[in-house]
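Here is a short report on one protein chain.

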Amino acid sequence: MKKLLVDADILVYRAASAAERTLEYEPECFVLMSYQGDAQCLFDDELSSLLEKAGVRDFILCFSSDGNFRKDIYPQYKSHRKGTRKPLCFHSFRDAIFETHAHSIFTKPRLEADDCIGILATQSPDEYIVWSDDKDLWQIPGQHLTEDGITNVTPTQADYSFYLQTLTGDSADGYPGCPGIGPKKAETILSVTPHWPRVVEAYKKQGLTEDDALVQARVARILRADQWNNQTSEPILWNPPTIA
């Protein structure tokens, strides 16, 4: 029986955010409050809905850990999020999920939930279905749960999504990609031959180098099974494939 790989960062954040309420404590005095029990109900309902859509009963909740190896590669990664307020019960609720679902949690040092999903999904592709609302996960080949049901992402499609992300960057994660390259222009570049030399050529046209492109690629890359050293608990940074 297959299991659903869940981007639990998203579920916990959504539930904790939706559980917040603004109350008028006294005239012109407002208080923001949160019931963690509401967050739990919302979390359980959404998880049950996802499992039903996927047609499975078992799941693994993938969470980001403290620290992030991408900041060693590109220090500005997600730096714009500093000081952004988390939902009131976020940390307490996350801790509660770790306790109640202890046997279904998967997290690794300095990795994001996306990486945890990518490692498991590519380690045993026949065992898992991927769910996340983050477009980054389209870099991972295999079965994905979408609003329309189960979609199969081929290795070629997954690599295309990775190269596309390397060109366009991601403003939500704070890395720029190649200057002047948006989604449409990136699609045009990759429509000829979607491989690394085309990406490098685009960077060089902007006065940058292959090393610049490689930094962005390594930040954009969602880890797969062969990019995680389980013995040392360290990522293996992506390198361009050798083209004959």
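The report below goes from helices to cores, then to open spaces and single residues.

## Basis

The model is predicted, and local features are taken only where pLDDT is at least 70.

## Helix H2

Helix H2 runs over residues 36-54. With 19 residues at 1.5 Å each, H2 should span 27 Å. The C-alpha atoms at its ends lie 27 Å apart, so expectation and model agree.

Which residues of H2 are buried? They are Ala39, Phe43, Leu47, Leu50, Leu51 and Ala54. Their arc around the axis is only 95°, so they sit on the same side of H2. An α-helix has 3.6 residues a turn, so positions three or four places apart point the same way. Asp45 and Glu52 are exposed, on the face of H2 turned away from the buried side. Just after H2 comes Gly55, with a positive phi of about 75°.

The largest nonpolar core holds 27 residues. Leu4, Phe43 and Leu61 touch the most other members. Several elements give two or more residues to this core: strand E1 (3-7), helix H1 (8-18), H2, strand E4 (58-62), helix H4 (90-100) and strand E6 (128-131). Phe43 also belongs to the buried residues of H2. In soluble globular proteins, nonpolar side chains tend to be buried together.

What does Leu61 touch, leaving out residues up to four places away in sequence? The contacts are Val6, Ala8, Phe43, Leu47, Ile97, His101, Ser104, Ile105 and Phe106. Two of these, Phe43 and Leu47, are buried residues of H2.

Another core lies apart from the largest one. This other core has 19 residues, including Phe69, Leu111, Ile119 and Leu223.

## Helix H7 and its neighbours

Helix H7 covers residues 183-192, and its buried residues are Ala186, Ile189 and Leu190. Seen down the axis of H7, they fall within an arc of 90°, so they line one face of the helix. Lys184, Thr188, Ser191 and Val192 are exposed on the other side. What do the buried residues of H7 pack against? Their partners are helix H6 (155-168) and helix H8 (196-205).

## Cavity and pocket

How many cavities of 30 Å³ or more does a search of the whole structure find? The search finds 1. The largest cavity has a volume of about 40 Å³. Its lining is made by Arg70, Tyr77, Glu112, Asp114, Asp136, Asp173, Tyr175, Val219, Ala220 and Ile222.

The largest pocket has a volume of about 1,100 Å³. Its lining counts 30 residues. Asp9, Ser64, Lys78, Arg81 and Lys86 lie nearest the pocket centre. H1, H4 and helix H5 (113-123) each supply at least two lining residues. H1 gives the most, with 4 residues.

## The loop between H3 and H4

Lys78 lies in the loop between H3 and H4. Phi of Lys78 is near 55°, a positive value in a residue other than glycine. Most residues other than glycine have a negative phi. Is Lys78 buried or exposed? Its relative accessibility is 18%, under the 20% cut-off, so Lys78 counts as buried. Lys78 is also one of the residues nearest the centre of the largest pocket.

Gly83 is found in the loop between helix H3 (70-73) and H4. Gly83 is exposed, with a relative accessible area of 83%. Tyr128 is 45 residues from Gly83 along the chain, and their C-alpha atoms are separated by 35 Å.

Gln216 is found in helix H9 (residues 210-220). At 5% relative accessibility, Gln216 counts as buried. Beyond its neighbours within four places in sequence, Gln216 is in contact with Tyr74, Thr166, Tyr175, Pro176, Gly177 and Tyr203. One of these contacts, Tyr175, also lines the largest cavity.

Ser233 is found in the loop between strand E9 (228-229) and strand E10 (234-235). Phi of Ser233 is near 55°, a positive value in a residue other than glycine. At 27% relative accessibility, Ser233 counts as partly exposed.

Terms used
Residues are numbered from 1 along each chain as its sequence is written. This is a predicted model: local features need pLDDT of at least 70, side-chain atom pairs count only at pLDDT 80 or more; totals for chains, interfaces and linings use all residues. Side-chain values use heavy atoms; hydrogens and water are left out. The expected span of a helix is 1.5 Å times one less than its number of residues. Buried means under 20% relative accessible area, exposed over 50%, partly exposed in between (1.4 Å probe, protein chains only). The arc is that of the directions from the helix axis to the C-beta atoms. A nonpolar core is a set of buried Ala, Val, Leu, Ile, Met, Phe, Trp, Tyr and Cys residues joined through side-chain atoms within 4.5 Å. Contact means heavy atoms within 4.5 Å. On a 1 Å grid over the protein atoms alone, a cavity is a set of points where a 1.4 Å probe fits but cannot get out, and a pocket is an open set with protein on both sides within 12 Å along at least five of seven lines; lining residues have an atom within 4 Å of a point. Grid points are joined across faces, edges and corners, and a volume is the space filled by probe spheres set on the points.
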